[in-house]
Amino acid sequence: MDHPVGDLSTPLSVAMREGSRREHEQAEGTDFVSDLLAGRAHPHQYAAYLARLRDVYAALEQAVRDHRDDPVVTQVYDETLCRLDALDADLEFWSGPDRSTGSPAADRYRERIDRARRTPLLLVAHHYTRYLGDLSGGRMLAQAMRRGYEGLDRGGLAFYEFDAIPKPVAYKRAYRDRLDGLRLSPSQRTAMVEEVRSAFRLNHALLDEVATLGAGCVTPRCPG
Ligand code: 1FH
């Protein structure tokens, strides 16, 4: 069935998913993701990925917290989703204390999130893109990484563990229901879907940036 984004009879959650399907496929198909799924990405690359995510989540989680009383943001706000502590634990495992990023892709992503503070509705687009992704594909990624890398039974995958959310499928369903309960104008819906698409593209650019860091590195165990 076709679900035009501006059509008010299409549930918002469907418009967001369908409207970003292509961007999702493109982000999922990046070299870094294939390398990670195959256990080929260098651990330093994964550390660089985590460091970038740390920048992004620091901005996202602070923005959402600052706007948690906004009538729209309050619908998705959930402190148990917060990933900053998990990212710090994983960074410790993969890279030690060096957290410097100097990443143009992470900077652009952060700037976009900070811009959305002016229209808190759009913070929900960023919230949706990251956390529903972490509760979906993120778990598959963790499974593949457990097969592809040694020592992950001792840590390193905290980012994908949501202790307070034992049933991610039910959580995602309830989350989508809350999105669908929002009363948005057609232009707000369009803006929301566009922000989701843009969030996916920013993730894609971030993944591509990490992929370039692996160039010239033949084996996951190579030094440096
Ligand atoms: Fe995803 N994702 N995703 N995903 N994803 C699914 C749903 C969402 C992968 C598979 C799936 C990213 C990455 C990967 C979202 C965002 C992002 C579903 C459907 C699958 C199968 C689950 C369902 O039906 O409930 C795989 C595999 C990935 C890489 C290994 C990245 C790009 C996320 C964006 C930042 C979102 C928002 C959804 C929810 C859609 C909905 O509305 O239901 C990924 C790529 C992860 C690179 C890490 C690294």
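In this predicted model, Trp 94 has a relative accessible area of 10% and is therefore buried, since the limit for that class is under 20%. Phe 93, by contrast, has a relative accessible area of 32% and so counts as partly exposed.

| Residue | Relative accessible area | Class |
|---|---|---|
| Phe 93 | 32% | partly exposed |
| Trp 94 | 10% | buried |

The rings of these two residues, Phe 93 and Trp 94, form an edge-to-face pair, because their centres are 5.7 Å apart and their planes meet at 65°, where over 60 degrees is required. The model holds eight aromatic pairs, and ring pairs join Phe 93 and Trp 94 with Phe 32, Tyr 46, Tyr 49 and Tyr 149 in a cluster.

Two members of that cluster, Tyr 46 and Tyr 49, also belong to the largest nonpolar core, which comprises 64 residues and in which they, together with Met 145, Tyr 160 and Leu 179, touch the most other members. Helix H4, spanning residues 43-66, makes the greatest contribution to this core, supplying 12 residues. Beyond its neighbours within four places in sequence, Tyr 49 is in contact with Phe 32, Arg 130, Tyr 160, Leu 206, Leu 207 and Val 210.

Which residue is the only protein donor of the iron atom of the ligand? That donor is His 24, through NE2 at 2.2 Å, and His 24 lies in helix H2, which covers residues 21-28.

Methods:
Residues numbered from 1 in each chain as written. Predicted model: local features only at pLDDT ≥ 70, side-chain atom pairs only at ≥ 80, totals over all residues. Heavy atoms only, no water. Core = buried A, V, L, I, M, F, W, Y, C linked by side-chain atoms within 4.5 Å. Buried < 20%, exposed > 50% of the residue type's maximum accessible area, 1.4 Å probe, protein only. Helix = DSSP H or I, 4+ residues; strand = E, 2+ residues; numbered from the N terminus. Contact = heavy atoms within 4.5 Å. Donors = N, O, S within 2.8 Å, 3.2 Å for Na, K, Ca; no water. Phe/Tyr/Trp six-rings, centres within 6.5 Å; stacked < 30°, edge-to-face > 60°.
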